[in-house]
Amino acid sequence: MAGCAAPSHPDPRDPWEGFNRGVYNFNDTIDHLMIRPVATLYSTVVPDPVQSCVHNIFSNLGDVWGGINLMLQERGVDAINMWGRFMLNTTMGLGGCLDIASRTGDPKIPSDFGTTLGVWGLHQGPYLVLPLLGPSSVRDGVGMTADWYGDPLALYHIRNVGLRNSLYGLKFVETRAGLLDVTNTIDHTALDPYSFVRDAYLQRRAAMVRGNKPNTDALPNYDDEDKNAPPAAPSPSAAPAK
Amino acid sequence: MLSSFSTLMQRLLCAAVLACVAVAAQAQADKPDPNGPPDQLVLIVANQALTALKAGGSTQENGIARINKVVDQYVLPYIDFEKTTRLAAGHYWRQATAQQRTDLSKAFRGTLIRTYSGALTRVDPSTTIKLLTKRANDVQGDDAVVRTIITANTNAQPIEVDYRLGKGSQGWQIYDLNVEGVWLIENYRNQFAQQIGQNGIDGLIKALNERNNGN
């Protein structure tokens with residue numbers, strides 16, 4: 001698709017669309033040149049059980065901070081469930097390698113500080129595409145910084161620089177590898193991958209802030225007023241030549 | 001953020017696909033009743049679709065042609081594709097001719113099947129679907145929400161999938177789908193508007209069909 005300087009269909013939630021599209025294209029280029037090939041190699045070469053083990057270990061480490069955030073969002077029961085998951089998976093699940101808690105009916109409830117800020121009443125702010133990290137927003141960007149420093153089990157706390165950087169790399173590749181099917185599908189089906197990803201991201205974040213609260217406003221209102229609108233008469237110029 | 005978004009996108013595919021599939025199949029005696037309660041309709045249709053998919057052996061081997069067939073045969077009667085397309089097109093629907101409406105619905109249907117077929121290949125013998133507890137406002141007149149949870153293979157996180165149904169002359173029919181908080185129609189509205197704004201309705205139909213043909 002040709003690069004468009006001005007957005008043809010501006011979205012009020014995305015006032016920086018021109019800039020964001022630039023970063024998106026940058027990310028996409030780097031991704032195709034370097035990141036995707038490495039992630040593809042990882043998912044081809046590394047045996048599935050190892051991949052799932054690596055994924056679960058990183059995910060397990062995140063459950064403590066996830067639980068803290070759920071507590072900050074006044075979701076006490078969910079918070080305790082997350083910490084219970086961490087304890088069970090760390091011990092019985094061999095350091096988080098196996099996600100036993102999910103199998104016994106205690107699924108992960110993903111949460112982070114961006115969500116907490118949302119629950120506290122902070123609006124999403126403008127949508128923001130971050131270099132290498134992808135979709136975010138002003139609020140979630142701030143939240144991400146807090147996630148880095150606040151998470152007691154973040155890789156950031158590892159003192160050995162070599163080990164820390166290797167783990168950062170592994171986590172990045174592992175995350176990207178998990179997304180390969182999705183990004184391939186988006187590439188092949190989305191009319192505009194940029195707005196597909198943006199709209200999915202913003203919807204998902206709104207849902208995470210709503211949490212499990214029953215909310216009548218949660219359903220989109222599509223204004224189905226055109227239900228009985230008669231079809232337009234075919235204009236002579238646009239008539240299909242069949 | 002990246003990782004939570006990645007799980008979301010994974011589930012989007014994986015679950016939404018199931019959701020779509022879930023609406024398939026009539027292999028069992030318990031026939032779906034579009035005039036009964038919407039949650040039972042979704043559950044029965046979904047379970048029958050799952051049974052059919054599992055019975056077909058490894059779905060992975062059969063690919064998109066088979067999924068297309070399953071969708072045509074089993075899912076279609078319970079989905080109002082025209083409504084899905086109409087709502088995604090928004091006010092542009094008024095400007096469309098009868099022919100364009102038909103073509104657009106058909107092209108969009110192809111896109112949705114393509115989108116979800118990848119996820120459908122992940123159905124395995126352990127895949128199950130359950131209804132979540134109903135809420136007081138789930139059914140409002142002719143509009144209903146049915147909330148389900150799909151448990152895929154043992155290593156994957158369960159996926160929450162909600163269906164939106166409308167009641168018309170054919171009873172309840174599904175017209176929208178929510179995977180982990182993301183509604184399908186809402187996610188296509190901007191792209192439709194963008195494409196129509198640039199190239200008109202015929203341009204949108206063409207763009208969808210081009211992608212359906214594997215470009």
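Student: Helices are DSSP runs of H or I with at least four residues, strands are E runs of at least two, and both are numbered from the N terminus. In what order do the elements of chain A run?

Tutor: From the N terminus they go α-α-α-α-α-β-β-α-α-α-α. That comes to 9 helices and 2 strands. This is a predicted model, where local features need pLDDT of at least 70 and side-chain atom pairs count only at pLDDT 80 or more, while totals for chains, interfaces and linings use all residues. Residues are numbered from 1 along each chain as its sequence is written, and chains are lettered from A and ligands numbered from 1 in the order in which they are written.

Student: And what pattern does chain B follow?

Tutor: Chain B reads α-α-α-α-α-β-β-β-β-β-β-α, with 6 helices and 6 strands.

Student: How much of each chain is buried?

Tutor: A residue is buried if 20 or more other C-beta atoms, placed from the backbone, lie within 10 Å of its own; with 12 or fewer it is exposed, and in between it is partly exposed. In chain A, 31% of the 242 residues count as buried. In chain B, 53% of the 215 residues do. The C-alpha atoms of chain A fill a box of roughly 70 × 45 × 30 Å along the principal axes.

Student: Where is the kink in α2(A) centred?

Tutor: On A:D63, with an angle of about 30 degrees. The bend at a residue is the angle between axes fitted to the seven residues ending there and the seven starting there.

Student: What comes just after α2(A)?

Tutor: A:E74, which has a positive phi of about 60 degrees although it is not a glycine. A:E74 sits in the loop between α2 and α3 (76–91) of chain A.

Student: Is A:E74 buried or exposed, and why?

Tutor: A:E74 counts as exposed because it has 11 C-beta neighbours inside 10 Å. A:L94 also has a positive phi, near 55 degrees, and is not a glycine either. A:L94 lies in the loop between α3 and α4 (100–103) of chain A, and it is partly exposed because 13 other C-beta atoms lie within 10 Å.

Student: Now the strands of chain A. In what sense do β1(A) and β2(A) pair?

Tutor: Antiparallel, over 4 bridges, with β2(A) covering residues 134–137. Strands pair if DSSP finds at least two bridges between them. One of the bridges joins A:L130 to A:G134. The hairpin has 3 residues between the strands, and A:L132 in that hairpin takes a positive phi near 65 degrees.

Student: Which way do the side chains of β1(A) point?

Tutor: They alternate along residues 127–130.

Student: Switching topic: how many residues of chain B are in contact with chain A?

Tutor: 51 residues of chain B are in contact with 51 residues of chain A. Contact here means that the C-beta atoms, placed from the backbone, lie within 7 Å. On the side of chain B that touches chain A, α6(B) gives the largest share, 13 residues.

Student: Which residues have the most contacts inside the largest nonpolar core?

Tutor: B:L104 and B:L204, in a core of 63 residues. A nonpolar core is a set of buried Ala, Val, Leu, Ile, Met, Phe, Trp, Tyr and Cys residues joined through C-beta atoms within 7 Å. The element giving the most to this core is α6(B), with 11 residues. A second, separate core has 5 residues, among them A:L70 and A:F86.

Student: What does B:L104 touch?

Tutor: Leaving out residues up to four places away in sequence, B:L104 touches B:T85, B:A89, B:A96, B:I201, B:L204 and B:I205.

Student: Last one: where is B:P34?

Tutor: In the loop between α1 and α2 (38–55) of chain B. B:P34 counts as partly exposed because it has 16 C-beta neighbours inside 10 Å. The C-alpha atoms of B:P34 and B:K167 are 8.6 Å apart, though 133 residues separate the two along the chain.

Note on methods: Two residues are in contact if their C-beta atoms, placed from the backbone, lie within 7 Å.
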